[in-house]
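Here are a few friendly notes to read alongside the coordinates.

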Amino acid sequence: MERGYSTLATQKTPALIIYLLDVSASMSQPLGNKRRIDVVTEALSAALRQMVFRSTKGGRLSPRYRVAMLAYSDHVYDLLNGVKGVDQVAHTGVPDLSPQRTTETAQAFARAEQILQAELPRLRDCPAPMVCHMTDGEYTGADPEPFVSRIKQMAVPDGNVLVENIFISEKVLSEPVTDPTLWPGIMRETKLAADYARKLRAMSSAMPESYRLTMMESNYHLAPGASLLFPGTSPELVALGFQMSAATPVR
Amino acid sequence: MAIFQPEVNQRILIDGVSYALAVHPAAPGMPYGQEGRQAVVYQLCADDGHRCGFKVFKPRFRVPALVSLADQLAPLASLPGLAVCDRTVLSARRHHDLLVEHPDLTYAVLMPWIYGPTWMEVLLGGEAISPKQSLLLARSLGETLACMEESGLAHCDLSGPNVLVPGMAPESAPGSQMIALVDVEQMYGPNLRRPPLLPGGSPGYAHKTASEGLWSAEADRFAGAVLMAEMLGWCDPRVRAASWGESYFDPQELGRDTRRYSILLQSLKEIWGSAAAGHFERVWHSDTLIDCSTFGEWLVSLPREAPDESVIPAEAHESDQSSDSGQVSHYDLPSEHRYGRAANRPETAAARNLRRIRRSGAPRAQVLKAINERLARIPYWRTVGAALVAVIMTVVIMLVTLDTPDRHAAHLTRETPVATQERQRNTPVQPTPIANQPPLYALSGRVIGPDGHGVGKVIVRFGEGLSSVLTDPDGFWQKDGLAGSVTVKPHKEGWAFAPESRSAGGSSATVDFSAKPVTASPEPTGTQHRQDVPAPSATPARTEPAPVTRSSRPMPPPRPIYKVSGRVTDEVGNPIGGVLLTFGSGHGTVQTDASGSWSKSGLSGTIPILIKKPGWSFTPTIRQVSEAGNSVNFIGRYKLFTLAGRVTDIKGRGIPGVTISFGPGFDPVITDRDGYWVKMSLEGAVTVTPQRGSAFFTPVSITAYGPGVLSFVYTPVVSGID
């Protein structure tokens, strides 16, 4: 059941976002006129810029977001060496991502669960944390869904931990998205073209209304109750997915 | 859909001025942008170094009404703290090419960049300020809001992030306000249009009724009172220790009798008296915004001087620091930042620094910085009040006609002694203004023949006692130095004019006439006289002229279409926005933008340009252009204005009997027993110089080009001591 998701991200009550980035070999395949991994890097950089802009007041960067970035393939790589304020991440930028081999998704969610367990006691007055997972193919190894279920059960007063999935694949929707700004999002009844897409939908949280309203200000028309599952069929939709991850309400 | 994602140093050309995206001061490689509810504001840097704010709205907030709103807001830029109202809005009509390239910039706003921290940054920084600074901040905000209130205006979204404190900026510009408001798109005013989306108040500053939408003359009363109370309380370590974070109050506790409320109320009572505390109490428990105290009432309740620092409690006890929301203590600040240490000695340290810098012949910027440090510590409300009276009177008059763009911003420069001598050597002595003398103005125009070309050698007369002028080969004429009403009458043998004469007076204008020949041998018009037909005979009466008809003449070559642009600045290079430039022969008008820039395309032939802005005079008054150019510049001078100020010693005590002279050509005034002075009806560049015996003053002089508050520090000459 959706709770408020209305706590504002402030310097005193920052939002925690954990990015899980699939860097398996298939990420070197093209998406549009770029490699998938490059599209993801650009979209992540744009999301980081948005977080920086939202944290900037005058000449000061008051970190309203705290970020962890985990890249995964055969192993999980902690790109930031823990959770960092967006002011620190702004200095380093998004690390270079290079494709590896397999897709050990469960390991990545297991690491995210550990981070949340450590962080949650300090997040009582903060917005509900977000885990933003980007992948381009089915997992290898263990099933990640049990980890995701446990993560979604974690909660702070603002609401349960949110899980978002960005699935870079042609096999998500039966109908292509022609204009992302007019796209209503993936609903419970939306027909999906692949089993793994349906699994990812089950692993995704429902979009909080406050997030949806934030996205409406950027001219997106996502419908109430849409899933936090985004089909990465174009760079624009990948960007939309990452922009959604930083749509925590701010003052 | 393309999203505007600029890169650092990316160039944007607006109204002929090239700007570069500035780099973020805290995020290397990223543009300097800050996102608010409606927009992202980027910092742009022009080639000449001046900075502008560039507000790019989110799609939902891009509304055409922003264009007319900018026109309506322009006159308000002269109000204290509202410089940001001086703005240019990008529209498809005026900035077509740029918007084709970047559709996301539709209705983006170019405006002055306001330096200094936001009040929210001050709260987050947690640094101590002195009671004097508390009073200065609260009074400055109160004066700005009272001035708006008296004019029927309200900001409607006051909050810590929307209140900037230029007076606390290390790089604050001379003459800049202590307080400045930003995000003015939702402002309420007599002639301002209701925005489609009403603000619902910002967290930490929203009255209980704000969620219904804020848009009324009383809209600021709650948020403004909370901000003033925060400012007044910030000199108290108990208040700083209890602060929630981005605002003093947790957004959830507004209007409730919480611990933070009790701490702040108690602090107001103890330090600022029961009257100010009473207003805060009344506002806090108000059911409607109308129940809240007015800002005029707030100002009256504030003491004239900050109390002695002994009334400030010592450092908060450990128990005071643990707030009900886990407040992080600010007591890990370095000791020099703690109240009661540096705050007890700042005047002496700053003054000593200033003297050292001055003696060392340091660069002007360093001297200015030191002066600003001094000014920030001098009580000034009384001097501001005197100047404010003049400003308010001007603004009230302007608000009656909100569509008249104007600006009264002070542009002050402070000079070193060497600079003063240099300037005085180079500045010609100006005539003393004569009281009640009508202002001088200029007229220009064109005489156009029946074929659409100008008629040369037409005598244009202006009445008895005034010399006439001749039109040039393209029919253009101009006349400077006119005063009062005149009758403009063209004359040329063998020609009739329509109208026969025209009256003009009081202000610069374009006066055109049409002409047609009344004899059988009209002199050909314009340049064709030289190129297409033989020169007329010296004895035309007896000679049958060759029939010259329009159809028999060869068509003149098409005139090239060209574009001109330039800037309008004051004498020290500050841009003047909202200046109206009128292009003769029906070529229309343009206005300068916030950077003083303008451009005009589609011109052909020789075109006179008249320049005008109420309250300003320009050099030259008229310019003619006949080909493309990008440096058609004008220099503006503010006309009548008021200056006020105070002379104090190094400890802030007023110095009476100081002669304040205003050069060139104005009578001096003497400071009163508290060191205050006021001088009205000044004009042009005025050099203000204090003098008393052989005493030394810092700065030696200040040159002002508009209204402002000037402070001087008096240093007596004592034998054996510098």
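How many bridges join strand β12 of chain B to strand β15 of chain B, and do these strands run parallel or antiparallel?

1. To take that question at once: 3 bridges join β12 (residues 459–461) to β15 (residues 485–491) of chain B, and the two strands run antiparallel. One position to look at is B:I459, which stands opposite B:H491 in β15(B). Please keep in mind throughout that this is a predicted model.

2. As background, strands of a sheet pair through backbone hydrogen bonds, either parallel or antiparallel.

3. Now to the interface. Here 29 residues of chain A are in contact with 40 residues of chain B. The area buried between chain A and chain B is about 3,100 Å², and carbon and sulfur atoms give 54% of that area. Between the two chains there are 10 residue pairs in polar contact, counting pairs with both residues at pLDDT 80 or more.

4. Which elements give two or more residues to the side of chain A that touches chain B? They are α1 (36–55), β4 (56–57), β5 (60–61) and α2 (86–92) of chain A. Helix α1(A) gives the most, with 7 residues. By class, this side of chain A has 9 nonpolar, 11 polar and 9 charged residues.

5. For the charged pairs, the rule finds 4 salt bridges across the interface of chain A and chain B. One of them joins A:E217 to B:K58, with the closest N and O atoms 3.7 Å apart. Both residues also belong to a network of salt bridges that links A:R54, A:E217, B:E35 and B:K58.

6. A:R49 and B:E7 deserve a look too: their side chains meet in a salt bridge at 3.5 Å, N to O. This pair crosses between chains, from helix α1 of chain A to the segment before β1 (11–14) of chain B. B:E7, at 43%, counts as partly exposed.

7. Over all chains, the search of the whole structure finds 31 salt bridges. Within chain A, A:D136 forms one with A:R36, and the closest N and O atoms are 2.8 Å apart. A:D136 lies in the loop between β9 (130–135) and α4 (145–153) of chain A, while A:R36 is in helix α1 of chain A, so the pair ties together parts that are 100 residues apart in sequence. A:D136 counts as buried at 8% relative accessibility, and A:R36 counts as buried at 12%.

8. A last pair lies within chain B, where B:R282 forms a salt bridge with B:E297 at 3.7 Å between the closest N and O atoms. B:R282 is in helix α8 (residues 274–284) and B:E297 in helix α9 (residues 295–301) of chain B, so this pair ties together parts that are 15 residues apart in sequence. B:R282 is partly exposed, with a relative accessible area of 35%, and B:E297 counts as partly exposed at 31%.

Conventions. Residues are numbered from 1 along each chain as its sequence is written. Chains are lettered from A and ligands numbered from 1 in the order in which they are written. This is a predicted model: local features need pLDDT of at least 70, side-chain atom pairs count only at pLDDT 80 or more; totals for chains, interfaces and linings use all residues. Side-chain values use heavy atoms; hydrogens and water are left out. Contact means heavy atoms within 4.5 Å. Buried area is the accessible area (1.4 Å probe) that two parts lose on being put together, summed over both. A polar contact is a pair of N or O atoms within 3.5 Å; within protein, one must be able to donate a hydrogen and the other to accept it, and residues adjacent in sequence count only if both atoms are side-chain atoms. Helices (H or I, at least four residues) and strands (E, at least two) are DSSP runs, numbered from the N terminus. Ala, Val, Leu, Ile, Met, Phe, Trp, Tyr, Cys and Pro count as nonpolar, Asp, Glu, Lys and Arg as charged, and the others, Gly among them, as polar. Two strands pair if DSSP finds at least two bridges between them. Buried means under 20% relative accessible area, exposed over 50%, partly exposed in between (1.4 Å probe, protein chains only).
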